[in-house]
Amino acid sequence: MKWYRLISILSLDVVAGAVISSWFFSVVFSVEQTYFAYLALALTVWIIYTADHLLDARNISHHASTPRHQFHQRHSKHLTRIILGLMLLDFVTLFFLPVQLVYTGIFLATLVIIFLAVQSSIPWTKELFIAIIYTSGILLPLNLLDNTTFKAAHCILVFQFLIVALINLLIFSWLDSHSDQQDGLNSIVVRAGKGLTSLVIFVLITLQFLLAVSQVLIGELAGASLIILLMTIVLLVIFLKREEAELNDAYRFVGDAVFFLPVIYML
């Protein structure tokens, strides 16, 4: 747990989940990908998440109340240097990627920079925007538009994954709402309250079940859809146990580890 706590603080579990999820979609959509595409994805996800945590830690004028932000406060200089070094490595990987993928990646990176710059002004959109960027980044290495004809089942599957990412972020915002208030950080829970956020989470979970049923009825990608439904069920259990989850880091680790579950599909 000690080592996994450090892995979680450094967002390395998020990086692993992103790579596994991208691999999952490459298998589902039968798209061949190079190791450089996955490397670029891993580097980009870590840079974005760490930069976001550093910005949050910098905006906290006192000693942060969470281990994650405390760590980023203590090691801000070292982490900033590591980010700069990995940004250089990320730039090098661009020379090994298709030109179209590079252009799309630059566009997505521009959106991320804009988000990081204005997130304090529009805190109620943070979780939705991150979910969209996360999902887009996972699909980006697949270059799907050149390799796959999108059908209704494909669109539903992508939307299902977006919902999982959003539910995950909303639950973590719910669990972190007390510390966010202490540290003066904004989130949809801090702004809208736990009651409304809980309602949104349950609505999204219900929608996820309905989408999974529709995928089974359509008959295409049913197996992949059920994997995403399994991820949702795990998040539902965490949310139903939210009183315990607020005090137990193990629930948080499981919440991020749900993005490892697509490995089951590749077995």
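Ser8 counts as buried because its relative accessibility is 7%, where buried means under 20% relative accessible area, exposed over 50% and partly exposed in between, with a 1.4 Å probe and protein chains only. The model is a predicted one: local features need pLDDT of at least 70, side-chain atom pairs count only at pLDDT 80 or more, and totals for chains, interfaces and linings use all residues. Residues are numbered from 1 along each chain as its sequence is written, and side-chain values use heavy atoms, with hydrogens and water left out.

Back to Ser8. This residue sits in helix H1, residues 2-9. Helices here are DSSP runs of H or I with at least four residues, strands are runs of E with at least two, and both are numbered from the N terminus. Not counting residues up to four places away in sequence, Ser8 touches Asp13, Arg68, Phe253 and Asp256; contact means heavy atoms within 4.5 Å.

Next, Gly255. It belongs to helix H15, residues 249-257, and is buried, with a relative accessible area of 0%. With residues up to four places away in sequence set aside, Gly255 touches Asn168, Phe172, Leu235 and Ile238. Gly255 and Leu236 lie 19 residues apart in sequence, and their C-alpha atoms are 9.8 Å apart.

Now the whole chain. How many helices and strands does the protein chain have? There are 16 helices and zero strands. A compact globule of 267 residues would have a radius of gyration near 18 Å, and the protein chain agrees, at 18 Å. That radius is taken over C-alpha atoms, and the globule rule is 2.2 Å times the number of residues to the power 0.38. The C-alpha trace spans about 50 × 45 × 35 Å along its principal axes. Of the 267 residues, 48% count as buried. Among contacts between residues at least 6 apart in sequence, 76% join residues at least 24 apart.

On to the core. A nonpolar core is a set of buried Ala, Val, Leu, Ile, Met, Phe, Trp, Tyr and Cys residues joined through side-chain atoms within 4.5 Å. The largest one has 70 residues, and Phe24, Phe25, Tyr134, Leu157, Phe161, Ile167 and Ile171 have the most contacts inside it. Helices that each supply at least two residues of this core include H2 (12-28), H3 (35-59), H9 (152-175) and H13 (222-240). Which helix gives the most to this core? H9 does, with 16 residues.

Leaving aside its neighbours within four places in sequence, Leu157 is in contact with Phe25, Val28, Phe29, Gln215, Leu221, Ala224, Ser225 and Ile228.

Leu221, from that list, has its own feature. It is found in the loop between H12 and H13 and is not a glycine, yet its phi is positive, about 60°. Most residues other than glycine have a negative phi. Ser30 also has a positive phi, near 55°, and its place is in the loop between H2 and H3.
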